[in-house]
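Here are my notes on this one, point by point. Have the structure open while you read.

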Amino acid sequence: MQSWTPCKNADALDFFRPEFVEHIRAVKEEPRMHCKQWEYAQLLEVRRQLAPEAKRLVGLGCGCEPTIPLVGAGAERVTVTDLYNRDDAWDVARRDPRAAFPEMDNLEVHTMDMTRVDLPKKSADFVWSLCAVEHVGELPDIIDAVRQAGELLDDDGVMFISTELNLSGGRYRTKGTLFLSPAMIEELVRSSGLHLVAPIELKISDHPMNTPVWSGLSFTHDALPHVIYRVQRRPFDGIYGTVVSFVLGRRDRGVREIWDVDPDHASILRKLGDKGRKINRRMSPIKRWW
Ligand SMILES: C[S@@+](CC[C@H](N)C(=O)[O-])C[C@H]1O[C@@H](n2cnc3c(N)ncnc32)[C@H](O)[C@@H]1O
């Protein structure tokens with residue numbers, strides 16, 4: 001098992017880390033090899049290891065994440081933001097976190113489009129965003145949103161971001177989601193005005209639970225993994241994707257390389273993809289075949 005890093009792609013092996021099991025159970029779920037759980041665990045571990053003393057927290061595109069009370073424990077102020085109460089809000093932003101977590105007396109719920117951040121600069125020591133930046137538009141919009149979010153950080157603050165990673169290269173988007181390629185993430189990091197705390201590790205283990213199938217299957221079959229997955233609108237026109245997280249800070253920690261790429265990751269993905277293709281053809285409609 002590799003040692004843990006805040007900057008990496010999701011991998012089935014991460015679900016065997018004791019701290020991941022602990023964090024996933026803390027949100028009252030059992031580990032089931034799903035990227036959403038991976039993001040929760042990664043966020044909570046970053047809060048624990050990189051920002052344990054943070055007191056002023058801001059979340060972007062939070063919806064009603066079950067991690068909000070856990071991330072916010074010990075903070076003076078936890079400001080969660082999303083398109084709350086707006087007609088264009090997603091389902092997850094239609095629930096009021098205040099009603100979901102009435103025990104939190106440090107919680108502030110703020111309606112904010114993250115492309116127009118309206119909170120004071122340098123007012124936070126921890127900022128986070130779980131799988132939300134990829135929904136705000138095209139790459140320049142995402143870069144601008146992350147740059148604005150970075151301005152919220154004070155000098156020692158750090159920002160955790162998770163987003164969808166396009167593992168197949170090229171450009172791929174659905175109506176509401178841009179799947180960021182490694183090159184796009186590199187551009188985003190370099191334009192953020194901030195510094196990575198570690199290079200982003202791109203490594204895929206050959207664990208069978210990394211086998212990709214069409215992403216929609218995980219909604220109806222909770223026994224199937226959703227760690228590396230296939231996103232596809234039309235037959236044979238899709239990509240392999242997963243989730244990636246990285247942490248940026250104002251302070252320069254001397255990290256110069258954006259990516260730390262395992263040279264075997266592409267061949268491992270090819271083999272897993274061949275296996276996934278066969279399983280997928282038994283379980284998915286033809287539209288989702290590759
Ligand atoms: C995939 S959901 C993730 C929600 C939550 N972070 C979680 O992990 O459960 C994407 C979230 O981004 C929010 N969102 C999309 N565009 C946004 C924008 N321009 N400004 C703020 N939030 C936005 C949506 O309302 C939604 O809550």
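1. Starting with the ligand: one of its oxygen atoms lies 2.6 Å from a side-chain N or O atom of K36. Keep in mind that this is a predicted model, so the distances here are computed from predicted coordinates.

2. How much of the ligand does the protein cover? On its own the ligand has 580 Å² of accessible area, and the protein covers 91% of that. As for where it is, the ligand sits in the largest pocket.

3. Now the shell. There are 18 residues around the ligand, and the ones that come nearest are K36, G61, E65, D82 and M114. By class, the shell splits into eleven nonpolar, three polar and four charged residues.

4. Zooming out, the protein has eight helices and 13 strands. Its radius of gyration is 18 Å, close to the 19 Å from the globule rule for 290 residues, so the protein is as compact as a globular protein of that length. Along the principal axes, the C-alpha atoms fill a box of roughly 50 × 40 × 35 Å.

How values were computed
Residues numbered from 1 in each chain as written. Predicted model: local features only at pLDDT ≥ 70, side-chain atom pairs only at ≥ 80, totals over all residues. Heavy atoms only, no water. Near = heavy atom within 4 Å. Polar contact = N/O pair within 3.5 Å; in protein donor to acceptor, adjacent residues only side chain to side chain. Areas by Shrake-Rupley, 256 points an atom, 1.4 Å probe, with all protein chains shown as cover. 1 Å grid on protein atoms, 1.4 Å probe; cavity = no way out; pocket = protein on both sides within 12 Å on 5 of 7 lines; lining within 4 Å. Sits in = over half its atoms within 2 Å of the grid points. Nonpolar A, V, L, I, M, F, W, Y, C, P; charged D, E, K, R; others polar. Helix = DSSP H or I, 4+ residues; strand = E, 2+ residues; numbered from the N terminus. Rg over C-alpha atoms; globule rule 2.2 N^0.38 Å.
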